[in-house]
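Have a look at the structure first.

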Amino acid sequence: MTVLYRAIWSDAETIDPTAAVHQLAGIAASWAKDSPNSAPLADGLTEVEIRSQQRSIRSHRFGDEGFEINVHDHMRGGATDWTTLIKVVRVENTVHCLVENGMESANLTQRVTFRRPKVVHQMLRAATKPCLGGSGLLTEPQAIPANGIEILTSVLANPARTVPVIVCSQPAGPHDADWTPVASDIAAGVEGVAVVFTLDQDAVTAFRKELGDLAIWGGGVRIYLPNPVSPGSEGWRHRYYVHKRLQLARQATVNRIIYSVAQLSARRRVPDVFNEFSDQVEAASTGSAAELTEERDYWQFQYELSLEERSELEKELAQARGHLSRLKLELITKRLDDLVWGTKDEDSTSIPDEVQDTSEAVIAARMYLSDWLNIPDAAERELEAIDTAPESYVWGNAAWRGLRALAAYAKDRAGGWDRGGFWEWCASGPVDGWPATDKKLSMTEGEGVRTSKKLSRTRVFDVDPAVDPTGRLTMLAHLKVAEGGGNIVPRIYFHDDTGGKTRKVHVGFVGPHYLVPNKSAN
């Protein structure tokens with residue numbers, strides 16, 4: 001199962017923790033059974049049918065100390081199942097809550113439109129002061145006036161902040177009056193895992209005076225990740241969406257914002273407090289032999305599917321570790337061991353180790369790799385499907401690794417490496433290399449693509465006029481960022497001009513496979 005959303009909070013200021021647990025059990029039961037004012041669920045399995053889906057509810061109560069409910073939804077005739085896990089644990093006078101939402105599907109190309117489970121809103125409304133670490137959680141957008149902008153800047157600068165802050169700005173000049181509903185839609189979608197603030201035009205002006213280019217204005221929306229934000233901070237990680245994008249594709253952009261924030265929450269570590277009843281739940285769960293066999297077969301299939309990829313990764317890791325060990329020994333021998341430890345951790349000015357998705361990989365490449373890599377604006381194509389797929393984090397970091405490899409190759413070529421092209425460079429085993437295998441890299445296309453006008457013209461991309469005066473060039477070499485996943489798996493097409501005027505690698509396309517089809521796809 002792919003976890004899409006994980007909300008965690010604690011309420012230490014409730015007057016009666018025992019009563020709060022009982023109230024939350026009733027809220028969870030009413031939501032799970034889609035029936036108002038339901039009594040807390042009895043232990044065991046409950047089957048209900050809600051509209052066109054079959055819902056299985058497995059519940060366990062632990063007296064006044066908490067409960068756990070696991071809800072599994074299966075749409076009749078559908079390929080996708082959704083699971084919602086609810087855990088509530090009372091420890092002394094504090095009530096801890098967790099709501100986790102996930103999905104599994106036979107259709108790997110399915111686009112996910114995500115919103116927080118409704119039960120999150122109901123549970124947060126019942127809390128006295130829900131918090132995650134040093135951040136309070138809101139159930140609706142919070143408007144910040146110009147004279148209160150210090151409240152927002154203090155929240156952003158707080159090193160104890162644990163959740164993203166999303167700031168929605170009022171458009172300048174004449175505009176549609178629907179910018180606040182956009183903020184409400186975003187807030188409802190990210191409830192439990194982020195907070196949303198809105199700024200009118202006066203507040204936008206005050207915000208820009210405080211943060212400069214790190215602010216947001218003109219009807220745009222910005223996501224501030226949970227790192228301290230102050231004037232002079234690095235801003236590229238804090239993604240923004242301009243008003244024009246919202247005008248052209250409002251719902252798609254809102255969906256993208258919600259999904260990206262929910263995806264961040266899914267990587268949050270579950271606190272140990274929620275493991276308190278794990279042994280009891282495991283002992284109480286008595287799934288049928290048929291269910292266990294089906295689950296075993298599924299995971300066996302997944303295991304076998306990943307063996308080949310893991311073997312390749314182990315091989316690459318072994319090569320990289322060997323290379324790094326030799327570099328370390330050489331530096332220590334030359335009494336430069338301070339460089340070994342000084343570069344161990346990422347700092348604010350270094351190239352980031354990871355990105356959130358493929359769009360962020362392109363942004364990072366333009367910011368950090370531009371000396372050796374050129375990526376025109378037109379290279380990004382329909383990344384919404386890629387960035388909202390369950391595999392978006394994995395794909396994004398694979399794309400980031402590939403872009404870094406292309407830049408490292410160009411740099412080595414400028415430094416004198418001359419034993420072939422990109423494939424040969426990768427095969428030589430550099431630390432920043434890309435796998436030189438047919439499954440991950442192709443330096444040309446098959447004859448069917450090259451001889452078909454219909455297919456070959458899908459490989460004509462924008463390029464620096466210094467490479468071709470027309471500003472357009474056919475590119476056949478490409479990185480296969482992922483295999484499987486259907487027709488939305490990412491591809492990166494590039495042209496090697498490291499021996500030409502620019503001495504760079506030019507990326508012409510970053511997007512889904514279906515935009516660069518081959519013979520077998522027609």
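Let's start with Asn 70, which is partly exposed at a relative accessible area of 30%; buried here means under 20%, exposed means over 50%, and partly exposed lies in between, using a 1.4 Å probe and protein chains only. This is a predicted model, where local features need pLDDT of at least 70 and side-chain atom pairs count only at pLDDT 80 or more, while totals for chains, interfaces and linings use all residues. Residues are numbered from 1 along each chain as its sequence is written, and side-chain values use heavy atoms, leaving out hydrogens and water.

Asn 70 sits in strand β4, residues 66–75; strands are DSSP runs of E with at least two residues, helices are H or I runs of at least four, and both are numbered from the N terminus. Beyond its neighbours within four places in sequence, Asn 70 is in contact (heavy atoms within 4.5 Å) with Ser 56, Ile 57, Arg 58, Thr 83, Thr 84 and Leu 85. Glu 100 is 30 residues away along the chain, and its C-alpha atom is 9.5 Å from that of Asn 70.

Now for the helices. α11 is mostly covered, with eight of its 11 residues buried. Those are Thr 358, Ser 359, Glu 360, Ala 361, Val 362, Ala 364, Ala 365 and Tyr 368. They pack against these elements:

| Element | Residues |
|---|---|
| α7 | 250–266 |
| β14 | 373–374 |
| α12 | 384–387 |
| β20 | 505–512 |

The buried residues of α11 also pack against α13. How do α11 and α13 pack, and at what angle? α11 (residues 358–368) meets α13 (residues 392–414) at about 25°, with the axes 7 Å apart; axes are lines fitted to C-alpha atoms over the stretch in contact, and angles run from 0 to 180 degrees between N-to-C directions. That makes the two helices roughly parallel, a label for angles under 35 degrees.

On the α11 side, the contact is made by Thr 358, Ala 361, Val 362, Ala 364 and Ala 365, and α13 brings Trp 395, Gly 396, Ala 399, Trp 400 and Leu 403.

Zooming out, the protein has 16 helices and 20 strands, and buried residues make up 44% of its 522 residues. Of the contacts between residues at least 6 apart in sequence, 64% join residues at least 24 apart.

Conventions
Parallel < 35°, antiparallel > 145°, perpendicular 65-115°, else oblique.
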